[in-house]
Amino acid sequence: MIPPFETFYETHRDEVYRFLGRRLGRQSAEDAFQETFLRALRAYPRLEHGEHLRAWVFTIASRIIVDDARRRKPEGELPELAVEDGLPAFEDLAPLTDDLPPKERAAVVLRYGYDLDYAEIGAALGSTESAARQAASAGVRRLRKEQQ
Amino acid sequence: MTVSPSLDERFRAAAAAAELLDVAYDVLPDTPVGTLLVGVTDRGVCRISFDPEPEHHLELLARIFGPRVLRSSKPVDRVRRELDEYFEGRRQHFDVEPDVRGVPEYYRRVLDELARVEYGTTTTYGTLAALTGNPRAARAVGTVMNRNPIPIVLPCHRVIGASGSLTGYGGGLDRKEHLLRLEGAIL
């Protein structure tokens with residue numbers, strides 16, 4: 001059962017806003033906040049269950065941070081390869097991690113897709129820094145095993 | 001750092017403007033019959049309740065109309081205005097359509113008949129029962145009235161006992177009496 005959007009929104013709005021504020025500063029955080037929850041609202045009817053909503057909304061917020069960074073990069077500037085390497089698009093990473101358990105998947109995507117540190121991932125997943133580290137490395141181990 | 005009230009309102013307005021809501025609701029404080037919760041969909045008004053606590057309604061609204069239920073003031077403006085006019089005695093008929101999705105078929109037939117009961121008049125449970133095909137179902141009609149999802153707009157306050165007593169009202173008898181007095185149906 002998916003909770004009414006109001007409940008979902010009230011539960012997560014403040015921490016999503018804090019998260020965006022830390023990454024973008026207050027001014028851009030307001031726009032990113034609105035965009036995050038509008039995207040969540042668009043995708044909401046397609047959710048199959050109400051689990052891991054917190055990780056889900058943080059994944060949306062992280063994606064908006066990445067989009068925002070891309071937009072700000074001045075036109076014509078040579079791409080900074082190191083940064084691009086550090087941030088494979090969510091689209092690239094998502095299909096590879098489809099079969100992971102949700103928490104491991106979120107940890108892997110947020111760590112390697114969005115370059116969040118483990119403290120931020122812990123906050124996003126509602127657990128701790130060390131639990132986030134464990135989930136990400138368990139996810140990576142599982143992916144390696146599947147590759148073999 | 002928390003979401004400021006103005007950012008919160010901006011998001012709620014944007015959500016409605018983008019037509020992304022299954023139900024928009026708002027709380028109308030201090031009407032002549034107390035604080036009301038009003039819910040609307042793209043088809044019309046889907047909920048009016050004398051219990052204004054959103055917590056008591058969100059799950060059910062989400063189940064019937066879809067999970068995107070959000071408090072948002074603008075979509076409710078039309079109903080708010082019509083209710084204001086009604087309470088001021090300047091409106092006898094609501095133009096907003098009732099959205100009765102989720103109401104069982106028999107209940108819906110009773111509510112259709114109820115919608116025809118004119119401002120300032122009353123009818124009886126038995127009469128409504130007869131109009132919907134079963135004169136002995138007065139008690140069942142009472143149940144339908146009690147569970148009316150859109151009181152005031154669907155005027156269950158105009159249904160009284162055959163003896164002329166007000167009988168009962170989901171929102172409390174004093175509210176029923178207030179509405180009937182407002183309409184001049186009783187002195």
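The expected span of a helix is 1.5 Å times one less than its number of residues. Keep that in mind, everyone, as we start with a helix.

This is a predicted model, so local features need pLDDT of at least 70, side-chain atom pairs count only at pLDDT 80 or more, and totals for chains, interfaces and linings use all residues. Residues are numbered from 1 along each chain as its sequence is written, while chains are lettered from A and ligands numbered from 1 in the order in which they are written.

Okay, chain A. Helices (H or I, at least four residues) and strands (E, at least two) are DSSP runs, numbered from the N terminus. Helix H3 of chain A covers residues 53–72, which makes 20 residues, so at 1.5 Å a residue the span should be 28 Å. The end C-alpha atoms of this helix are 29 Å apart, which agrees.

Which residues of H3(A) are buried? Among them are A:Trp56, A:Phe58, A:Ile64 and A:Ile65. Buried here means that 20 or more other C-beta atoms, placed from the backbone, lie within 10 Å of the residue's own; 12 or fewer is exposed, and in between is partly exposed.

Chain A is divided into domain 1 (1–72) and domain 2 (84–148), with bounds from an automatic or database domain assignment. Their contact takes 11 residues from domain 1 of chain A and 13 from domain 2 of chain A. By contact I mean that the C-beta atoms of two residues, placed from the backbone, lie within 7 Å. On the domain 1 side, H3(A) gives the most, with 7 residues. That side divides into 4 nonpolar, 3 polar and 4 charged residues. For the counting, Ala, Val, Leu, Ile, Met, Phe, Trp, Tyr, Cys and Pro are nonpolar, Asp, Glu, Lys and Arg are charged, and the others, Gly among them, are polar.

Over to chain B, and its sheet. In what order do the 4 strands of this open sheet come? The order is S3-S2-S1-S4, and the pairing is mixed. Strand S3 (44–49) and strand S4 (69–71) of chain B stand at the edges with a single partner strand each, so one side of each has no neighbour in the sheet. On average, neighbouring strands are turned by 30° against each other, direction ignored.

Two strands pair if DSSP finds at least two bridges between them. S1 (residues 23–31) and S2 (residues 34–41) of chain B pair in the antiparallel sense over 6 bridges, and B:Ala24 stands opposite B:Val40 in S2(B). S2(B) and S3(B) also run antiparallel, joined by 5 bridges, and they form a hairpin with 2 residues between them. B:Thr41 has B:Gly44 in S3(B) as its bridge partner. S3(B) is mostly covered, with 5 of its 6 residues buried.

Helix H3 (residues 77–87) of chain B lies across S1, S2 and S3 of chain B, at about 30° to S1(B). Axes are lines fitted to C-alpha atoms, for helices over the stretch in contact, and angles run from 0 to 180 degrees between N-to-C directions.

Chain B has two domains as well, domain 1 (5–87) and domain 2 (105–182). Their centres, taken over C-alpha atoms, are 24 Å apart. In this pair, 8 residues of domain 1 of chain B are in contact with 9 residues of domain 2 of chain B, and S3(B) gives the most to the domain 1 side, with 4 residues.

Last stop: where the chains meet. 21 residues of chain B are in contact with 20 residues of chain A. H1(B) gives the most to the chain B side, with 5 residues, and that side divides into 15 nonpolar, 2 polar and 4 charged.
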